[in-house]
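Colleague: Let's go through the words used for this model, one by one. I'd like each word tied to its cut-off.

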Amino acid sequence: MLTLNSPQVVQETVLRWKREGKVAFVPTMGALHEGHLQLIRRAKHYGTRVIVSIFVNPLQFGPKEDLSKYPRPFEQDEAKLQELDVDMLFSPEPVDLYPPSFRTRVIPSLLTDHLCGKSRPGHFEGVATVCMKLFNITQADFAVFGEKDFQQLRVIQQMTADFNMPLTILPHPTVREEDGLALSSRNRYLSKEQRVAAASFPQALARARSRAIEDGSVTAGALLAQVRQDLTAAGIEPEYVDVASESDLQPVLPETYVAALSQPRIFAAARAGTTRLIDNWTLYSEQNETPS
Ligand code: AMP
């Protein structure tokens with residue numbers, strides 16, 4: 001496995017690789033867990049070469065967020081990637097991607113008005129900007145993104161469509177612990193008690209999903225009230241809970257019948273102690289949907 005930090009050297013290397021086949025790419029911020037590893041295994045099915053980036057992107061962190069304390073277990077991450085036989089690890093320093101001369105940003109709109117976009121101003125601008133750079137540096141034909149960060153996935157799909165970018169974004173389902181908690185690099189911050197309580201978060205959303213599938217006359221408001229109640233009872237503090245269609249991510253009014261929506265999903269962010277958790281679940285039966 002090549003470990004590189006220079007965008008120019010990556011570009012030169014990939015230019016040679018692309019004569020022989022396709023390149024699949026998985027961008028990450030490191031502290032790799034089984035969720036990341038599944039994305040990488042998926043990438044291996046699509047690319048003759050696989051590139052993984054590890055970059056804790058300062059542009060997507062707010063001033064009060066956990067940029068400096070974000071976990072960076074680089075050697076362990078490198079060993080995991082080696083074991084998976086990844087072809088290249090791209091791990092630039094902030095100055096490699098944002099030299100003092102850096103000026104341009106990608107500004108997503110509409111999809112970022114609500115959900116995490118509302119509580120994290122500037123976050124998706126940072127995400128879109130770094131992904132634009134990473135896609136241009138790696139010249140990837142495929143990039144795999146987790147549905148755990150569903151709004152991020154939609155922003156990146158929209159950006160690549162809007163800018164006619166020649167790569168395919170592959171969504172990957174959320175990878176979960178046995179009790180349903182979505183794997184996240186931030187879960188390591190949870191105390192034992194908080195970890196137990198955190199399991200109520202996916203369980204509340206899964207309960208809403210079952211109810212939506214079983215009851216064709218349930219409203220978004222009824223589901224949201226139930227989820228908020230479940231979370232509060234478990235000592236998890238909801239930040240937002242919304243129902244929205246996957247296509248536009250605009251939260252619907254409480255009186256909306258969930259069954260009347262196209263591809264409805266429930267989205268939530270909540271805190272267990274100071275740790276912020278996010279999750280989302282489809283509110284339709286995926287087996288009945290035509291695969292896209
Ligand atoms: P991060 O390192 O948190 O920026 O995540 C890098 C990529 O891994 C993103 O596409 C995430 O959506 C994805 N990812 C993180 N956790 C999970 C998970 N539990 N299941 C599926 N994908 C995930």
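Modeller: Start with angles between helices. Angles under 35 degrees count as roughly parallel, over 145 as roughly antiparallel, 65 to 115 as roughly perpendicular and the rest as oblique. Axes are lines fitted to C-alpha atoms, for helices over the stretch in contact, and angles run from 0 to 180 degrees between N-to-C directions. Helices (H or I, at least four residues) and strands (E, at least two) are DSSP runs, numbered from the N terminus. One caution: this is a predicted model, where local features need pLDDT of at least 70 and side-chain atom pairs count only at pLDDT 80 or more, while totals for chains, interfaces and linings use all residues. Residues are numbered from 1 along each chain as its sequence is written, and side-chain values use heavy atoms, with hydrogens and water left out.

Colleague: What is the handedness of the crossing of H6 and H7?

Modeller: It is right-handed. A crossing is left-handed if the near helix is turned anticlockwise from the far one by less than a right angle, and right-handed if clockwise.

Colleague: Which residues make the contact?

Modeller: Contact means heavy atoms within 4.5 Å. H6 brings Phe-124, Val-127, Ala-128, Cys-131, Met-132 and Phe-135. H7 brings Gln-151, Gln-152, Val-155, Ile-156, Met-159 and Thr-160. They divide into nine nonpolar, three polar and no charged. Here Ala, Val, Leu, Ile, Met, Phe, Trp, Tyr, Cys and Pro count as nonpolar, Asp, Glu, Lys and Arg as charged, and the others, Gly among them, as polar.

Colleague: Now H9 and H10. What makes them roughly antiparallel?

Modeller: The axes of helix H9 (residues 200-214) and helix H10 (residues 220-233) cross at roughly 155°. That is over 145, so H9 and H10 count as roughly antiparallel. The axes come within 9 Å, and H9 passes H10 in a right-handed crossing. The contact residues of H9 with H10 divide into nine nonpolar, two polar and three charged.

Colleague: Why is His-33 called buried?

Modeller: Buried means under 20% relative accessible area, exposed over 50%, partly exposed in between (1.4 Å probe, protein chains only). His-33 has 19%, so it is buried. This residue lies in the loop between strand E2 (23-28) and helix H2 (34-46). Not counting residues up to four places away in sequence, His-33 touches Leu-183, Ser-184 and Ser-185.

Colleague: And Glu-147: buried or exposed?

Modeller: Its relative accessibility is 18%, so Glu-147 counts as buried. Glu-147 sits in the loop between E5 and H7. Its contacts, leaving out residues up to four places away in sequence, include Leu-153, Arg-265 and Asn-280.

Colleague: How do you know that Asn-164 is exposed?

Modeller: Asn-164 has a relative accessible area of 67%. That is over 50%, so Asn-164 is exposed. Asn-164 is in the loop between H7 and E6. It has a positive phi of about 50° although it is not a glycine.

Colleague: Which value makes Ala-31 buried?

Modeller: A relative accessible area of 2%. Phi of Ala-31 is near 55°, a positive value in a residue other than glycine. Ala-31 lies in the loop between E2 and H2.

Colleague: What is the strand order in the open sheet of three strands?

Modeller: The order is E7-E8-E9, with antiparallel pairing. Its edge strands are strand E7 (237-245) and strand E9 (275-282), each pairing on one side only. Eight bridges join E7 to strand E8 (residues 264-272).

Definitions and conventions
Pairing = 2+ DSSP bridges.
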